[in-house]
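Have a look at the picture first, then read on.

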Amino acid sequence: MNSSSDNSVFNTFPQPPAENVVTLCEQNGQLMTSQTENMAGSKIQGYPVVVISHDHHKSLSGRENAKSAFLPHDETVWKRAMHAWYEMGLSGVFQEVVNSSGEVPPWTSDLAKKTLTLVRWTSSLHGSLFPHLSMSNEDMICKFSRIHDWKRSPVHAFSWHPHTVKFAYALQDDSINVHMGKSDLVPVLKHKLQKNVADLSWQPQSASVLAVACQSCVLIWHVEPTSLATRPSTSSVQVLQQNSHTPVTCLAWDPNGRILLSSSPVDTAIMAWDVAMETCTPLRRVGGGGVSLLKWSPDGSKVFSATPSHLFRVWETTKWSCEVWTKCTGRIKTACWSPDGSILLFATENEPIIYSLSFSTAQDERKAVIGGSHSAIAAVDISEVTLQGADGKDFKTGGLVHSMVWDQTGERLAVLLQDNGGHIKRQIVLFRTKVDLVLEITPCGFVQGEPTAIPHHISFQPKYDNGAVLSVVSMNLHQLVDYHWQSYHITLYSQSYNSIGLLQIIFFQFSKSVNTYVCYL
Amino acid sequence: METIESWFKREVQSWRTGASICWTVISLPVLFTVYTILSHFYIFYPFTWISGSISTVFSASFVLLLLLLILVIVVVCVFSISSYTVIPEVPETRLHSLIQLLTPPRPVHGIVYVISGAICTWICCNVLEGRYSHLSVQIASSKSYMLNEYHLFLVLYGIYSGFMYLIFHYVHFNNYLQFSILQQSKFFQVRGQVVDVLLTSVQCTLWQTAYFYPGFWLLGQVPKDWIVHNLSLLRSEQSVDTFYGLLDIGLCYQTVLLGIFLHFMWSYSALLYRVYSTEHHTFPIESAFDNTANRCLIDAMTCQKDNLVKYLGFLDLSWLSKNSIERRAQVFSLSQPGGHPHNWNKLSTSCLTEIDALNQKVQEENWKVFVNVPVRQTEKPTPVTVGDTTTLSHRTTSDNTVNGTGDSQTNPSTTPKEGILSYLKKKPFFSFFLMDSPDAKSRQLFQGAQLQIWAIEALSNFATASYTEDKFGVVQRSLPSTLTSLLNLQENVEKYFKLAVTSSRRQTKDSMTKDAGLKYLLQTTLKSSLYKIVNTFGKHLMSLKLQPDATRKLKQFIEYKE
């Protein structure tokens, strides 16, 4: 064992599971596992079975700009640039030229790239040059998305409904599927502006409103729960567009469902939308170069906003003043709030540490207070270690955090680790948490899917009465052969188990096969 | 005893107005300096430009002119106070909006703007110096004076700008006090909007200048002759109202710059006034002293004479229901002695009255639509299903167009007056003025809906908070009546949307005015408020004693099917 990782929390973890077992649920404080073959028949009731037919899917390899799917290939770059001009204005032209730099003279693409950088740089109010401003839209979304490996992930965004068993996910072809309860009816949402979907968010205190963060705008869908249409009409879509606020990569609803915040890594302003009136109020503060992450605290009192540089802010929501924290070691990669809004956990891009920041809960109604503590405390050290698994094999774990979710009871914290360039398997680690006067984080165990499945996204179902449900979106690799020119089936299946315990785990797993789909249910 | 509106005007509104004017005055020197620097712009001589504008800015005459400008803008601000309104006035046709412009006190504002436009332009011309500065110039060869057409052109443009701003102010709802969704501090509100205001000013100025040029080309002779005749001046050698005279790029630049300056100055002062007036004000829930007893929240909410006070009262109620535990506790408290929940009773009654009043209006409107249709179709009225909404609504609009007022459903035969109206509407010129704007009816119905939106939010927030905070069950006792009112309004609004809202949101988006979203906001607020109650109480709501109709609708919400 490496001496530098003696402090790593993994040294106190329960023994990691063997390679060929799947974690089912938590029972009496233990994570229960099962052999892959014996899992069938133990599902939680009431969750939909998800099957996606192949024609909704686009080639996984060589993903290009979403526009290229709709245009004949023999169109010249200039014609495409003209289309981009109609759609997105001048910056769209430069974007198009930069994206197809192989087809234009090098000086043109160079010039376009520089102009694009300049345009974005001037639109951001900050005085210093940020490297992310010269990225293409897709690279930028990939960098700031909540989905691990956004470009290759079959699912581009995933969101649970806050009140009922309903979820939506965006696929690579930018269509969105909505699953409701046990219903077999799966509305598919498509719109011509719905490109490069980076985030989805259901409106709280409502049954049917879904906000979609797209490349050029925010779309608001009204998915009527009683409607029988599988392709809801685009006339019910609201388009919320704001200049120089593209691409939109993050959305956050106020828990009352009144305000929608949207952010873009190239815009220093957070847009606060009054969705019904279709008006927006910018919340702009100088510094940071953009806003990469937004998290509204569950009690509604605070909003966390991270920037692509080393600073982040916390806003209070009565007067909308903010406090700023600088001197982070790196960009904030992920963050989550405790249910009462008193503790914020976050992790940076370049340190295997989960930090905690506490906020005073004292209420002073005469003036708005944020009351954040002066500096963040390193709560958990998750640096890399090698442990021994139940089957006696070496089990490498730890490293940088990709995303972190806290369940609504405040008792479990799930962390999706990065694969660190492929030499560690991407893993989900589970902690027990207790928010009393001080925050207590203790190890719980490893959540493991099938040996060939790679997790891309984790989330807790926001409303579940008997504990918590962790959902994992993963891609099953064992049939991944390079068949990208052929059509293939992709099936998302929920695999969940009925047992009494605090935590239930659902795997939404994508597997693909060329000929027939092997059903695991 | 002093009434709440006069107290509010004296103690709160006067300070707010004063502060907004004060900030206008403070920002004016900066604005004027920027204008001066830009107006002295020479592209080929940057050093002359900078040194020239600096020497102008630090001269004594500049300070005097600035003081005069401040005086003018203060007068304009004071005069325009009475023009602001919390309820947008929705004209049915273009003719109505013209008539609205001519009803007092608007012509007075018009005169104030026109005069202020003229004076401000005169001030700017003095700063500009050179060929723009005076109305008359001495001819070098003789002692006689001749008319300076450039000066005249700009002053006329200033007058025209004043008039156009009046139209902008009223027709484009610049005078509409819209309450912001976020209660940001005033500085950030102004900072967030000032760029938009500037862009709007540029846009308006370019648009109005494009019409001023041909206008001056056609009619410029008239004021010129008048002035030459009355002041016995000589005609100038170069006349501006010719084709080549108008092609002067320098003049065009100065005209546009002046227009932007004037428009921005006025709309900036309006912006400050709006931000200050719509600021949240905390009213006490109850008062222990007799002399302030009628300055409580409930008095503000029931104030009939001043809508702004009423609106601020409801805003405060909605705010406290969401943000303030302390004040909610006061609402939930019982009276001593007696043990009656007077505070809650008064507040909730006042909210429910507003909601029921709107419900009544929407219901009547729905009935009009119902009754209107079958009369045209067949002799005896048949029940109309919601299914054929499109045909139904088309017919409705055409009915309203023909009837003008839309209330003649009982009398299908047309009177001579209506006959003339419908004849005129077919003529192209008159139809421009007489055509109904497409959603005027629904905008008029929901023009004051902001009040009900706050009332609904407040009731829902109180109900939600009562789950943990209401020790005596004060709110929960009235939960059935609250739910019934909300569900009724929700049903009627949904019905209205199906029956009468003809155009979808996307079609009207281009012509969307500031108030057009209110009906959608009301619809969303109703749903989210009901869901908030449902999410808090869950299935327990089913054990409330409600009308079977209401129970059925509530069930839809509990199953998340609305």
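Predicted model: local features only at pLDDT ≥ 70, side-chain atom pairs only at ≥ 80, totals over all residues.

Residues are numbered from 1 along each chain as its sequence is written, while chains are lettered from A and ligands numbered from 1 in the order in which they are written.

Start with chain A, where 4 strands make an open, antiparallel sheet in the order β3-β4-β5-β6. Strands here are DSSP E runs of at least two residues, and helices are H or I runs of at least four, numbered from the N terminus; two strands pair if DSSP finds at least two bridges between them. The edges are β3 (155-160) and β6 (188-189) of chain A, each pairing on one side only. Between β4 and β5 of chain A there are 5 bridges, and A168(A) sits opposite V178(A) in β5(A).

Now the cores (sets of buried Ala, Val, Leu, Ile, Met, Phe, Trp, Tyr and Cys residues joined through C-beta atoms within 7 Å; buried means 20 or more other C-beta atoms within 10 Å of a residue's own, with C-beta atoms placed from the backbone).

| Core | Size | Some members |
|---|---|---|
| Largest | 173 residues | V212(A), V218(A), L261(A), L345(A) |
| Second, separate | 46 residues | L65(B), V127(B), Y160(B), M164(B) |

Finally, the contact between the chains takes 26 residues from chain A and 26 residues from chain B, where contact means C-beta atoms, placed from the backbone, within 7 Å. On chain A's side, β14(A) gives the most, with 3 residues.

Technical notes: Contact = placed C-beta atoms within 7 Å. Buried ≥ 20, exposed ≤ 12 C-beta atoms within 10 Å, placed from the backbone.
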